[in-house]
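Me: I would like to learn how to read a few local features in a model, beginning with the backbone and then turning to helix packing and the surface.

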Amino acid sequence: MSNNPSLSNTKTIATLGMLTALAYAVMAMCKVIPPIGGFLSFDLKDTVMAIGGFLFGPAAAFAMAVLVPLIEFVTVSDTGWYGLLMNVIATSLFVCPAVYLYRRKHSTSAAVLGLGSGVLFLTVGMILWNYIITPLYFKMPREAVMDMMPMIIAFNLVKGFCNAALIMLLYPPVSSALRKAHLVAPSAYTATGGQKPKFNYVPTIVSAVVLVTAVLFLLSLLEII
């Protein structure tokens, strides 16, 4: 890879732009999934943004977490400023803790810890934000929102675990492909001439089981099964 800083910055911006466009496309495709409870939109764009954050750091992840919902807001969203605000908050709650913990120590255990923390932050944080903002948007009493909390909690758990499992499954091949294309800096073992670590099947199998379980739970929330 070139040592020219401007070339490196150009590649980073181009790669982040590509990931931002991909996250938007994923969001658009997920629009076919009916909203749960009439207002909880399920999408998997957090998967793309977390992968971008794993590669480029928390600042890049947060920038994508703001930019993608903003583009959605001015193009296809029908929920106004409420949807934009809740979108940015929910994505940031999930992506930023996951990226921060993973970037401190690039390992499978750090990724699992980070993603688990992201699911926890998302689920707990959105209890508070739905309690504050949802009554203002729907012009309903807070007691009515509290009655919906079990559904909101279940929704965010399913969404969080779906995204977390997909990240664990997709990050290795995606990061490898981007490094081979010289769009991302070499990993630590490559840069130092070390031996590539052996592939661990356990995280892949566990992630696949979690993903299937979360999808089945989502189908039950949608009353399809």
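Reply: Helices (H or I, at least four residues) and strands (E, at least two) are DSSP runs, numbered from the N terminus. With that naming, Glu223 is found in the segment after α8 (201-221). This is a predicted model, in which local features need pLDDT of at least 70, side-chain atom pairs count only at pLDDT 80 or more, and totals for chains, interfaces and linings use all residues. Residues are numbered from 1 along each chain as its sequence is written, and side-chain values use heavy atoms, with hydrogens and water left out.

Me: Which value of phi does Glu223 have?

Reply: Most residues other than glycine have a negative phi. Glu223, although not a glycine, has a positive phi of about 60°, and at 70% relative accessibility it counts as exposed (over 50% relative accessible area, where buried means under 20% and partly exposed lies in between; 1.4 Å probe, protein chains only). Lys139, in the loop between α5 and α6, has a positive phi near 55° and is exposed at 74%.

Me: How do α4 and α5 cross?

Reply: Two packed helices are described by the angle between their axes and the distance between the axes. The axes of α4 (residues 80-104) and α5, which are lines fitted to C-alpha atoms over the stretch in contact, with angles running from 0 to 180 degrees between N-to-C directions, come within 7 Å and cross at roughly 160°.

Me: Where is Met146 found?

Reply: Met146 is found in helix α6 (residues 142-180) and is partly exposed, with a relative accessible area of 43%.
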